[in-house]
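The entry comes first, then the talk.

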Amino acid sequence: MLPLEQAIEQMLSQLETINRTEILPLQQAVARICAEDIISPINVPAFDNSAMDGYAVRLADLQHSTTLAVCGKSFAGNPFKEEWKEKSVIRIMTGAMLPEGADAVVMQENVTVNEDSTVTINEIPKLNQNIRRLGENIKVGDVALKMGSKLTALSLPLLASLGVAQVKVYQKLKVALLSTGDELVSVGQPLAQGQIYDSNRFTVQLMLERLPCEVLDFGILPDDEKIFEQTFLKAQEQADLVITSGGVSVGEADFTKAVLEKCGKINFWKIAMKPGKPFAFGKLNHAWFCGLPGNPVSALVTFYQLVQPAIAKLSGYSQWQAPQQLKAIAAKNLKKSAGRLDFQRGFYQVNAQGQIEVSPVGQQGSHLFGAFISSNCFIRLEQERGNVNIGDIVTIEPFGDILN
């Protein structure tokens, strides 16, 4: 069986960004992927300005006396424009343009205002103290945002501060989603005897909607080879990526493989991980393909670990990072057999000693989805590892954005 890291490496080595772009106003670009470097057209700040409410001073004036007259005022949007007399200070507000010749700004808390309208500087400032210099944050011509970055509530205001009103982004990845199996029924429909709800397609769609994807829902396919082939041909004509749930494990693969080989080249993998051993990846004539297992937990875990980085690569999201891994103390015993990388559902917290500790949540069967409700991480147990005892150190992966 192929180790997870090798599977991801092989998959990503074959994928390339789907290079379709569009121009969007900033207000419509949140969560999209930037398709070019954004070059700053201005300096930020655009002029020297004060970082504090206080008094702009020339250090040379303070060598003679620390009590000086107030020559004028500088406010944000209304700078001081008159002649700055010797041995005087300028009253200045945060963000206001610095008068020419100012060496520092003394914060108002360090100044005494005298009855004769002079001020006494109680603490001599250092050169450039409380001053924001022109271009200190970003200079004209700097790369303000790199291609492949996700546009967020942090990066979009930065572009707005540069006067950038619109941005070039990659178009959303088109993902065709379908399930296979006569036993499946769409959520909300009545169940007949022996049938179950198709929660996998619903789960995957929810995760896709947290990513820069346009979901094409092809519903549930019956166990009919002709219908399966027709639907698959239609899906791969419309999508960049086709994702199926079910039909890739032992006993089902022969039927699925026969159809898929007509549409492209598929390599069926057995991943050395639990849950989620059956997983298929390949290239169709017009789209990439990922086949998820049919068990609900397995489908979620393989999507999270394998499909998520694939979508990032296809979407141009070069800043995407693998799930964060932390060390934690096992607060309970964990059952584990050597042979496969195991992702158990867990709940982690910081104990009274400031250490991260984690406990497994519920039963860990690949068909038992309920444990996710009380979980906030995966407990990642190495392939060669066996049972874990209380107090042992384990690796955890706190759930990322698409699971929160």
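**Loops, a strand and a helix pair**

Asn128 lies in the loop between strand 9 and strand 10 (131-132). The model is predicted.

Reader: Is Asn128 buried, partly exposed or exposed?

Author: Buried would need under 20% relative accessible area, and exposed over 50%. Asn128 has 35% relative accessibility, so it counts as partly exposed.

Reader: What is the phi of Asn128?

Author: Most residues other than glycine have a negative phi. Asn128 is not a glycine, yet its phi is positive, at about 70°.

Reader: Where is Ser117, and is it buried or exposed?

Author: Ser117 sits in the loop between strand 8 (111-113) and strand 9 (119-121). Its phi is positive too, near 75°. The cut-off for exposed is over 50%. Ser117 has 53% relative accessibility, so it counts as exposed.

Reader: Which residue does a cis peptide bond join to Pro275?

Author: Pro275 is in the loop between strand 19 (273-274) and strand 20 (278-284). The cis bond there has an omega of about -5°, and the partner of Pro275 is Lys274.

Reader: Which residues is Lys73 in contact with, leaving aside its neighbours within four places in sequence?

Author: Lys73 belongs to strand 5 (residues 67-74). At 53% relative accessibility, Lys73 counts as exposed. With those neighbours left out, its contacts are Pro79, Phe80, Ile90 and Arg91.

Reader: How far apart in space are Lys73 and Val119?

Author: In sequence, Lys73 and Val119 are 46 residues apart. From C-alpha to C-alpha, the distance is 14 Å.

Reader: Are helix 1 and helix 7 roughly parallel or roughly antiparallel?

Author: The axes of helix 1 (residues 4-14) and helix 7 (residues 296-315) come within 10 Å. They cross at roughly 25°. Angles under 35 degrees count as roughly parallel. Helix 1 and helix 7 are therefore roughly parallel.

Reader: Is the crossing of helix 1 and helix 7 left-handed or right-handed?

Author: Two packed helices are described by the angle and the distance between their axes. Handedness is given here as well: helix 1 passes helix 7 in a crossing that is right-handed.

Reader: Which residues of helix 7 does helix 1 meet?

Author: Helix 1 brings Leu4, Ala7, Ile8, Met11 and Leu12. The residues of this contact divide into eight nonpolar, one polar and one charged. On the helix 7 side they are Gln305, Leu306, Pro309, Ala310 and Lys313.

How values were computed. Residues numbered from 1 in each chain as written. Predicted model: local features only at pLDDT ≥ 70, side-chain atom pairs only at ≥ 80, totals over all residues. Heavy atoms only, no water. Axes fitted to C-alpha atoms, helices over the stretch in contact; angles between N-to-C directions. Helix = DSSP H or I, 4+ residues; strand = E, 2+ residues; numbered from the N terminus. Parallel < 35°, antiparallel > 145°, perpendicular 65-115°, else oblique. Left-handed = near helix turned anticlockwise from the far one by under 90°. Contact = heavy atoms within 4.5 Å. Nonpolar A, V, L, I, M, F, W, Y, C, P; charged D, E, K, R; others polar. Buried < 20%, exposed > 50% of the residue type's maximum accessible area, 1.4 Å probe, protein only.
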